[in-house]
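Subject: Structure for you to look at

Hello,

Here is the structure for your files. Please open it first, then read the notes below.

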Amino acid sequence: MLLFLPNVTFKHITEDQLRKSEKKFRSYVEKAPIGIIVVDLEGNHLETNPIFCSMTGYSSEELSKMSVNELVFEEDVAKNKEMITSMKIYGNAKGVLRFLIKNGEKKYVDIKAVKIEKEKILAFMTDITKKMQDERALINLKTATENSIDGIAILDKNQNYIFLNEAHAKIYGYDSYEELLGKSWETLYREKELQDFENRIMPEFERNGFWKGESMGKKKDGSLFPQEISLIALKAGGLICIVRNISEKNKILKDLKESFANAKMNYELFIETLVKVVELRDPYTSGHQERVAALLHDIGKIYIPSEILNKSTKLTRLEFEMIKEHSQNGYKLLKELRFELPVADYILQHHERNDGSGYPNGLKGDKIYFGSKIIAVVDVVEAISSHRLYRPALGIEAAFEEIKKNSGILYNEEIVEACLELFNNGFEFISKW
């Protein structure tokens, strides 16, 4: 019996046309913006495109001698085996694996794979490391605020709530933070306070990027209460708001004492999250603050435009003056916070020099905090020995030469000697981020 299919045309494909189609397909693969590889069922590389080579740091020749399994992070080996099993049974698989690339870094890779021949697998690889890091920073921020008795919220550039913890909602008499999400902060104030914000508070906040003070808040039921507010500007135009009900100070002090143990446990996580806010805007100094062992010393850079922080050419005089303001900005941002040591002053003075040639106040000798002198030496050593967008790393020996040459002039002699001894005993800069 003959089966007739209307409007269907069968076209013979010549070998030459097949070769051209294959050539065109390979051209697409070469130019693809994601990693594409072909492997056998054991994971051995058969073909790879330039993007995948760039993602892993290995050349195509090096990869041809490797199995993709050799790239998988040790803790993800079991997950990788599950994907291979899925491939053998169903002919396709997908998932996220961590790869340990050539330079020793860890990358998150989103994988979608399909069997194209009996013994071959075509896999599409997308580097999602940045996305995972951003999500982790947000998760850390949420974790750090979950147990806080202070209300913490993030508002977008239109001053609407996009994040808040349960404490923030409860301070204003709401049962859940979800009741305030997407709403304007103006919901929480009377007309009198709104006028005060417009005429007094917001102008100062916009000038300095920071404001702290007291105001009257309005609960869901309309009742009023005195509150302490801290506002911190965000680059995108939004802000972080930290609020505390100060009508029951004795109760708050008691609660603070009881929660001190938990707050101490969350302290390091909070500091790391705060540092990430700066480093996500300035990836070329990512980890710098941690390696210097002074996590907040460059926090003032949050006020400096990203295009200046990431500029690959020489800074103009005006741009350099803006960079120099970061120590003062950091001091202003943290001076009201209580630490066991004068951290804000350390930040303010970490670019001062023994001979008075530093900034912002040209302090000399004993007028400079010893903690600031320590940061100054380590800051210089790390900066010179590390890569920057505007220049490659100059190496640790160049850093040593700088501090030895200016020991007793720019830098404290005792600290320089201790620094050199530390490195001679095997110390190295290591970052966990």
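Which residue forms a salt bridge with Asp196? The partner is Arg200, and the closest N and O atoms are 2.8 Å apart. A salt bridge here is a side-chain nitrogen of Lys or Arg within 4 Å of a carboxyl oxygen of Asp or Glu.

Some ground rules. This is a predicted model, in which local features need pLDDT of at least 70, side-chain atom pairs count only at pLDDT 80 or more, and totals for chains, interfaces and linings use all residues. Residues are numbered from 1 along each chain as its sequence is written, and side-chain values use heavy atoms, with hydrogens and water left out.

Salt bridges

Back to that pair. Asp196 and Arg200 both sit in helix 7 (residues 191-208). They are four residues apart, about one turn of the helix. Helices are DSSP runs of H or I with at least four residues, strands are runs of E with at least two, and both are numbered from the N terminus. Asp196 is partly exposed at 25% relative accessibility. Arg200 is partly exposed too, at 39%. The cut-offs are under 20% relative accessible area for buried, over 50% for exposed, and partly exposed in between (1.4 Å probe, protein chains only).

The salt-bridge rule gives a count of 12. Side chains of opposite charge can pair when their charged atoms come close. Arg98 and Asp76 are another such pair, with 2.9 Å from N to O.

Glu319 counts as buried because its relative accessibility is 17%. Elsewhere, salt bridges that share partners join Glu75, Asp76 and Arg98 into one network.

Asp40, a buried charge

Asp40 lies in strand 1 (residues 35-40). Asp40 is buried yet has no salt bridge. How far away is the nearest side chain of opposite charge? That side chain is Lys88, at 9.1 Å. For charge, Lys and Arg count as positive and Asp and Glu as negative, while His and the chain ends are not counted.

Asp40 does have a polar partner. A polar atom of its side chain lies 2.9 Å from the backbone nitrogen of Glu42. A polar contact is a pair of N or O atoms within 3.5 Å; within protein, one must be able to donate a hydrogen and the other to accept it, and residues adjacent in sequence count only if both atoms are side-chain atoms. Leaving aside neighbours within four places in sequence, Asp40 is in contact (heavy atoms within 4.5 Å) with Leu46, Glu119 and Ile121.

His45

His45 is in strand 2 (residues 45-48). Is His45 buried or exposed? His45 is buried, with a relative accessible area of 5%. A polar atom of the His45 side chain lies 3.2 Å from the backbone oxygen of Leu63. The backbone oxygen of Met66 also lies 3.2 Å from a polar atom of that side chain. Beyond four places in sequence, the contacts of His45 include Ile37, Val39, Phe52 and Val68.

Backbone points to check

Most residues other than glycine have a negative phi, and most peptide bonds are trans. Gln159 is not a glycine, but has a positive phi of about 65 degrees. Gln159 sits in the loop between strand 6 (151-155) and strand 7 (161-164). Gln159 is buried, at 18% relative accessible area. The peptide bond from Tyr359 to Pro360 is cis, with omega near 15 degrees. Pro360 is in the loop between helix 14 (343-349) and helix 15 (370-385).

A surface loop

Glu178 is in the loop between helix 6 (166-171) and helix 7. Glu178 is exposed, with a relative accessible area of 55%. Its C-alpha atom is 9.8 Å from that of Tyr161, which is 17 residues away along the chain.

Best wishes
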